[in-house]
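Work through the following exercises with the model open. Each gives a task and then a solution in steps.

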Amino acid sequence: MTDADLLARHKAVLPSWLALYYDEPIEIVHAQDRRVIDSTGRTYLDFFAGILTNSMGYDVSAISDAVRKQLDTGILHTSTLYLIRSQVELAERIAKLSGIPDAKVFFTNSGTEANDTALMLATQYRRSNQVLAMRNSYHGRSFATVGITGNRGWSASSLSPVKVSYVHGGYRYRSPFRELSDTEYIDACVADLVDVLETGTSGDVACMIAEPIQGVGGFSSPPDGLFKAMKEVLDQYGILFISDEVQTGWGRTGEHYWGIQAHDVVPDAMTFAKGLGNGLAIGGLVARGDLVDCLTANSISTFGGNPVAMAGAAAVLDHIADHDLQANALARGNELLDGLRAAGNPLIGDVRGKGLMIGVELVEPGGMTPNQGAAARMMEETKARGLLIGKGGLHGNVLRIAPPMTLTAEEAAEGLGIIVDALAAIS
Ligand code: PMP
């Protein structure tokens, strides 16, 4: 079986909208540390970690051992109708880490399900189906979360019953407030929020949801303090604030454990997924206890909170703490940011991000026109040189760099060298 055969079968039986990277998509069959091997035996340094999922890297014995220990009990899962010790323990840990007072946790299987839960809770709590989201956002693929996703490339259906209004703040580079200073930008976004609330809603909005750094939207990070200023407005209206930490959680941004902490504000709820499981399907929500408890009917996720995912996630949290991976994300991230900024390539319009969540927006030299062609060529060039990176942004012209948080300084230099060389090659 060659990859071409597999690709043909994939296309025949899987949806046309299930996107694949690369002219010749790869099948990864083996992985170790920060390197993956495809079915032809080629090795790649992984600077995308399965969209920030394999945050600890591959074949991490402490995580595999914890999962294996659970498998050895003979139980992959029974039901969340019974007590699961590891679920209680992980919930206690995440509640404490969240900084949200009197927090409770609900586990799901994905980020989508986590955000969908957050929307259900917030709309029930406030008895309103009006929601604010950021322009260019991505929050998942369920009927409700796709309805609040601002990035049109991922907003597959406009028929969702959630009533959404979009506000500025998530994507600065191409916003009308681009030329403003940080303080002026924050003021402009707050004024926009007030304007949207006053002229575009009936005021009794349930919640505002935001990614502290937009992920799918192109790793765009607003100035620190934006969300504190926005929450002050939300508080005046009694509107809940949900931080979507699916990409920014668990120390990846380096400076903080949660992306929202850069804004010196405590949200009413945070959603999480991806990196917590290091490849295992897990997601969840941590929120004010009164908000979580506002549902009066039963609501259960069959697999959310299963002991295999709980064992893996607890081992991931240990691994982050034991190896100070938040500090590593900051150090390696700064090396990459510095190197990319120093590259001085005319295709680079913007280098941004925090820690190991770095976006490089490619433009037509001398201007700001999005350069999708250059991004597509960069994907192929980096692959040919043995590096996996991601692509995203509203126009598909942003390179997304998000290696495992265990990245070494040598690997950072190696990946940076490949990116800089590839940029030079396509210029
Ligand atoms: N929120 C954000 C910020 C995301 O990046 C994603 C996934 N890319 C999701 C939610 C949805 O998560 P999942 O794909 O696990 O459903």
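**Exercise 1.** Which residue just after H11 takes a positive phi? Check the length of H11 too, and list its buried residues.

Solution. Step 1: just after H11, the residue with a positive phi, about 60 degrees, is Gly 344. The model is predicted, so local features require pLDDT of at least 70 and side-chain atom pairs pLDDT 80 or more, while totals for chains, interfaces and linings use all residues. Residue numbers start from 1 along each chain as its sequence is written. Helices (H or I, at least four residues) and strands (E, at least two) are DSSP runs, numbered from the N terminus.

Step 2: the expected span of a helix is 1.5 Å times one less than its number of residues. H11 (residues 325-342) has 18 residues and should therefore span 26 Å; its end C-alpha atoms lie 25 Å apart, in agreement.

Step 3: a residue is buried if 20 or more other C-beta atoms, placed from the backbone, lie within 10 Å of its own. In H11 the buried residues are Leu 325, Gln 326, Asn 328, Ala 329, Leu 330, Arg 332, Gly 333, Leu 336 and Leu 340.

Step 4: these buried residues pack against H10 (307-322), S11, S12, S15 and H13 (409-426). Contact requires C-beta atoms, placed from the backbone, within 7 Å.

**Exercise 2.** In what order do the four strands of the open sheet lie, and which helix packs on the sheet?

Solution. Step 1: strands pair if DSSP finds at least two bridges between them. The order is S11-S12-S15-S14, with antiparallel pairing.

Step 2: S11 (348-354) and S14 (390-392) are the edge strands, each pairing on one side only.

Step 3: inside the sheet, four bridges join S12 (residues 357-362) to S15 (residues 398-401) in the antiparallel sense. Ile 358 has Ile 401 in S15 as its bridge partner.

Step 4: H12 (residues 372-384) packs on the sheet and touches S12, S14 and S15; its direction makes about 35 degrees with that of S15. Axes are lines fitted to C-alpha atoms, for helices over the stretch in contact, and angles between N-to-C directions run from 0 to 180 degrees.

**Exercise 3.** How do S2 and S3 run, and how many bridges join them?

Solution. Step 1: S2 (residues 35-38) and S3 (residues 43-46) run antiparallel and are joined by three bridges. Arg 35 stands opposite Leu 45 in S3.

Step 2: the two strands form a hairpin with four residues between them, and Gly 41 in the turn has a positive phi of about 90 degrees.

Step 3: S3 also runs parallel to S13 (residues 387-388), joined by two bridges. Leu 388 in S13 is the bridge partner of Asp 46.

Notes. Contact = placed C-beta atoms within 7 Å. Buried ≥ 20, exposed ≤ 12 C-beta atoms within 10 Å, placed from the backbone.
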